[in-house]
Each structure stands twice: as structure tokens, then as C-alpha cells.
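Reader: I am new to this structure. Could you show me how to read its features, one at a time?

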Amino acid sequence: MVWSDFLDNLKNCAIIVAAGKGKRMGGDISKQYLEIGGVPILTRTLWNFQNCDIIDDMVLVTGKDDIEFCKKEIIEKYNVKKVKAIIEGGAERQNSVYNGLCALDSDTDIVLIHDGVRPFLKGEYIEKIIYETQKYESCVLGVKVKDTIKVCDENGIVSETPERNGLWIAQTPQSFKYDLIMEAHKKAIEDNFLGTDDSMLVERIGKKVKMTEGDYDNIKITTVEDLYFGDAIIKKVAK
């Protein structure tokens with residue numbers, strides 16, 4: 001199915017969150033600026049949305065000291081034209097996302113929130129999750145768990161082995177009707193609540209979230225080992 005055939009009349013925007021320092025990676029360069037295949041990770045992430053016809057605008061959220069660098073070395077150097085603003089992030093990722101939401105036009109229909117260090121998102125999944133968000137209002141891209149999961153207590157003793165058929169690994173983008181995710185974030189601010197992801201904020205105001213199946217290549221570059229996986233994905237795609 002060509003999802004875009006059904007989405008022509010929507011204004012779809014993306015918030016790319018790249019304000020972290022990537023402490024687990026080590027080194028002096030933030031992980032989003034490291035290169036895979038000769039191109040910065042963040043650039044590859046932006047390209048995925050740039051090349052999707054049904055994405056209208058992007059907002060890039062980064063550290064205050066990185067704004068000018070991103071403008072020159074990520075946006076202008078690599079000709080990324082859909083970024084309408086580069087803004088400063090907050091103390092936590094949730095604060096950064098809210099800053100990004102506030103920078104979008106109020107007539108935005110659907111907003112996708114994506115990690116700046118997930119550079120292998122395929123365009124077909126951007127279209128798919130927007131299509132499903134039009135129906136369900138709130139969707140999370142993810143994949144089914146392959147391994148058996150153990151729930152343990154503080155001493156490492158197994159207390160439960162959940163049935164893995166109902167377990168998913170949540171990825172990004174997470175996609176929402178704009179008014180809904182704004183409502184959820186404002187409620188979290190009002191309650192001084194900090195969630196682990198954006199969909200959790202929607203869940204806590206009583207709304208259902210639809211899981212949209214993606215693929216296992218949509219990895220988050222977090223450790224040095226992930227860089228090797230990233231190189232392997234690039235080589236696989238190039239074949």
C-alpha cells in the first residue's frame with residue numbers, strides 16, 4: 001500500500017531530538033555528530049524525513065552551544081531544507097520535546113517525535129505511522145521482542161517471566177495528533193510528572209496508544225558497538 005495516497009491533506013511535522021551528550025559513548029564528540037559511512041548520524045536521521053514527501057516541516061532540538069554548529073555543519077552543509085527551526089533543548093528529554101512542540105505551527109495535524117540518533121528509519125514506516133495516527137491518534141513504532149524477558153527483584157531474583165507474545169520494544173518515531181500530545185505534555189508539566197517517553201504521557205491522560213510494527217534496523221546509536229551495527233546496516237542496504 002502507498003500510504004501517502006491517503007495523507008495529502010494533512011500537515012505532518014517532525015521533532016528531531018538531539019540535545020543529549022551521549023555519555024555512554026565516551027569521547028569528546030556528542031554521539032549525534034559522529035559519522036557512519038562518512039556522514040554524521042544526525043544528518044542521516046534528518047535525511048530520512050527530508051526525503052519523505054508527506055513531511056512538511058522539521059524542528060531540530062539540540063544543546064544551546066550546538067545550535068550554530070548544527071546550522072552550518074548539519075543543515076546547510078548537507079542541504080537539509082525542511083528544518084524550519086533549530087531550538088534549545090531542556091534539562092530533560094521531555095522538556096526538549098515540549099520546546100519542540102511549542103516551535104511548531106498551531107495548524108500542525110500530526111507530529112512525529114524521533115531520536116536524532118536513530119538514522120536508519122525507512123520512509124515507508126514514516127508514512128505507515130502517520131497513516132495509523134490519523135486513525136488511532138497516538139502511535140509508537142516498535143518491534144516484537146525476540147528474547148525471553150525476566151522480571152527480577154532488587155537482588156536479581158526472577159519474580160516473573162511474562163509471555164513475550166505481548167511484549168514490544170518501543171522505538172521512535174512516536175506519532176500523535178498535535179492537540180493530543182500538547183495536552184499530554186501540559187498535563188505532565190502541571191503535575192510535575194516526568195515520563196520515560198512521550199506515549200507514556202498520553203497513556204496517563206487516559207488515551208490509548210497503538211503500536212505500529214517497524215523493523216529491527218531502526219536502531220538507536222548509544223554505544224560504540226552500535227556504530228559497528230550501523231556500518232553493517234549501511235553495507236546491507238548498499239548491496
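Author: Start with a crossing: helix 1 passes helix 2 in a right-handed crossing. Right-handed means that the near helix is turned clockwise from the far one by less than a right angle, and left-handed means anticlockwise. Helices (H or I, at least four residues) and strands (E, at least two) are DSSP runs, numbered from the N terminus. This is a predicted model, where local features need pLDDT of at least 70, side-chain atom pairs count only at pLDDT 80 or more, and totals for chains, interfaces and linings use all residues. Residues are numbered from 1 along each chain as its sequence is written, and side-chain values use heavy atoms, without hydrogens and water.

Reader: At what angle do helix 1 and helix 2 pack?

Author: Two packed helices are described by the angle between their axes and the distance between the axes. Here, helix 1 (residues 41–50) and helix 2 (residues 67–76) pack at about 60°, with axes 9 Å apart. Axes are lines fitted to C-alpha atoms, for helices over the stretch in contact, and angles run from 0 to 180 degrees between N-to-C directions. So helix 1 is oblique to helix 2. Oblique is what remains after roughly parallel (under 35 degrees), roughly antiparallel (over 145) and roughly perpendicular (65 to 115).

Reader: Which residues make the contact?

Author: Helix 1 brings Leu42, Thr43 and Leu46; helix 2 brings Cys70, Ile74 and Ile75. Contact means heavy atoms within 4.5 Å.

Reader: In what order do the strands of the open sheet stand?

Author: Strands of a sheet pair through backbone hydrogen bonds, either parallel or antiparallel. In this open sheet, seven strands follow the order 5-4-1-6-10-7-11, with mixed pairing. Two strands pair if DSSP finds at least two bridges between them. Strand 5 (83–88) and strand 11 (210–213) are at the edges with a single partner strand each, so one side of each has no neighbour in the sheet.

Reader: How many bridges join strand 1 to strand 4?

Author: Six bridges join strand 1 (residues 12–18) to strand 4 (residues 57–62), and the two run parallel. Ile16 stands opposite Leu60 in strand 4.

Reader: How many salt bridges does a search of the whole structure find?

Author: The search finds 16. A salt bridge is a side-chain nitrogen of Lys or Arg within 4 Å of a carboxyl oxygen of Asp or Glu. Lys11 and Asp57 form a salt bridge (3.9 Å, N to O). Lys11 lies in the segment before strand 1 and Asp57 in strand 4, so the pair ties together parts 46 residues apart in sequence.
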